[in-house]
Amino acid sequence: MRLPPPRRCASGELLLRLFLSPHRRTFPHLHHRSAERMEWLNEWLWREEYWLPPGIGWKDTHLDEDQGHFPLPRDLLCTLPLAFTFIVLRYVFERVVAVPLSRCLGVKDRVRIQAPSVPKLEAFYKQTSRQPSQPEVLALSKQCGLSQRKIQTWFRHRRNQDRPDNTKKFCEASWRFVFYLTAFLGGLGSLIDTPWFWDQTECWRGYPKQAVASAHYWYYMLEMGFYLSLLLSVSVDVKRKDFKEQVIHHIATLFLIGFSYCANYVRVGTLVMLVHDSSDILLESAKMLHYAVWTRTCDSLFVVFALVFLVSRLVVFPCRVIHTTLLVSLDFYQPFFGYYFFNALLLVLQALHIFWAYLILRMVKKFIFKGKVERDERSDEESDVDNNEDEDKEHKEEADEVDLGQKTERSNSKLTSLAHNCVLNNLTNQRNINSRMPKAR
């Protein structure tokens, strides 16, 4: 089945130019086969029953120039250079703005004990495991001629060396705070005058033949480019307790933004992004204050964040957004593949919201009974389950070293005083003996 223009031809010709042009001259038979495959993939991917309600074709979505811009898949290609632009901007922002700001707010990095240079242990740490088992510790002890306790201590210090310091965490949180704040204010300014912001039924009136405003187009492109940059830099970012959930969230968000744009779910998509940005601002600002050890302000802001998160993610998002996509939309068109796929992605996000809400409620419980937020259950714990024990042991070792130094100083001072007393006693006795000698003569 061949699909009518304009959509299939725009995306198909672009894919052919991108992937087949290098082989046209040297491998004509490969070009012919590849063209057939790409043509088949293009026809299969952009079948009308996947993207449009029953009874509506691509020709029905055509808009005149004076009616506005209809979303095309090729528009999403600009998100890739935007993602790399965000990575460069983040690099500059963290060094020019975030690091000086962290110093002004009093962010301090903990001085960690440096592991001594042992080539065999370093090779095992990088190539095999960061946390060796007991048989491996025994084997390394024989190879290096060190005791098992020293081997375990070395790996504990080495793991702590690789842990990110507070300045790095502060820079990451400040970058996200700036983007979420800018995106939320810009998105709110572009949506507050739209009818679907107040009445979600308007999201489906006239669907799918709905033009996309320029402000909403850039809102989509910037959000997708930002989340793509987070996914590209996830390997160098701080690995947290919810690392896997964060990766799933980024992938689901990218699929949700991309698919909703291609299927022209732009109106409801803007509401989804606005709801998410509203609570993320408070989360990142609370992290910044936590790393700066502004305890009272951080605890107060955490309470506000918990309320906003629970209301926006567990009340507004399911009762307004998911309700209108899952039930209200059926009053305007019959369900199709895009309907099921889009709602499945929204339900994945809602499952992640419930998981994060559980972690936040655990923190609220600690806050109520202990009067302070001890630890960020949602995102500030490291992915290694033994890192907390490592820090406690390292702290004890540092305290033991301080105590040992103090004891050594006290013992040395006592020995010095005893030596001085002995010398003085010897000199006194010698004087007494010398003074008695003439009388004896």
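Okay, let's start at V293, which sits in the loop between α12 and α13, the helix that covers residues 295-326. Before I go on, please keep in mind that this is a predicted model.

For background, most residues other than glycine have a negative phi. Is V293 buried or exposed? V293 has a relative accessible area of 60%, so it counts as exposed.

Now step back to the helix that V293 follows, α12. α12 has 26 residues. From its first C-alpha to its last, α12 reaches 37 Å, and that's close to the 38 Å you'd expect at 1.5 Å a residue. How much of α12 is covered? Mostly covered, it turns out: 25 of the 26 residues are buried.

N264 is in the loop between α11, residues 243-262, and α12, residues 266-291. N264 also isn't a glycine, and it has a positive phi of about 60°. Is N264 buried or exposed? Here the relative accessible area is 3%, so N264 is buried.

Going from Y207 to P208, the bond is cis, with omega near 0°. As a general point, most peptide bonds are trans. You'll find P208 in the loop between α9, residues 195-198, and α10, residues 214-232.

Let's move to the surface. Which residues make up the nonpolar patch there? They are V88, Y91, V92, V96 and V97, and together they have about 460 Å² of accessible area. Take V92 from that group: it's in helix α4, which runs over residues 79-105. V92 has 42% relative accessibility, so it counts as partly exposed; the cut-off for exposed is over 50%.

Last topic, confidence. The protein chain averages a pLDDT of 77, and 74% of the residues score at least 70. Where is confidence highest and where is it lowest? The highest is in α4, at 93, and the lowest is in helix α1, residues 7-20, at a mean of 40.

Two stretches deserve a flag. Over residues 1-30, pLDDT stays under 50, and the model has 48 contacts beyond four places in sequence for them. Over residues 378-390, pLDDT stays under 50 as well, with 41 such contacts in the model.

Notes: Residues are numbered from 1 along each chain as its sequence is written. This is a predicted model: local features need pLDDT of at least 70, side-chain atom pairs count only at pLDDT 80 or more; totals for chains, interfaces and linings use all residues. Side-chain values use heavy atoms; hydrogens and water are left out. Patches are made of residues with over 30% relative accessible area and no salt bridge: like charges are joined within 9 Å, nonpolar side chains (Val, Leu, Ile, Met, Phe, Trp, Tyr) within 5 Å. Accessible areas come from the Shrake-Rupley method with a 1.4 Å probe; for residues, only the protein chains shown count as cover. A salt bridge is a side-chain nitrogen of Lys or Arg within 4 Å of a carboxyl oxygen of Asp or Glu. Helices (H or I, at least four residues) and strands (E, at least two) are DSSP runs, numbered from the N terminus. Buried means under 20% relative accessible area, exposed over 50%, partly exposed in between (1.4 Å probe, protein chains only). The expected span of a helix is 1.5 Å times one less than its number of residues. pLDDT is the predictor's confidence in each residue, from 0 to 100. Contact means heavy atoms within 4.5 Å.
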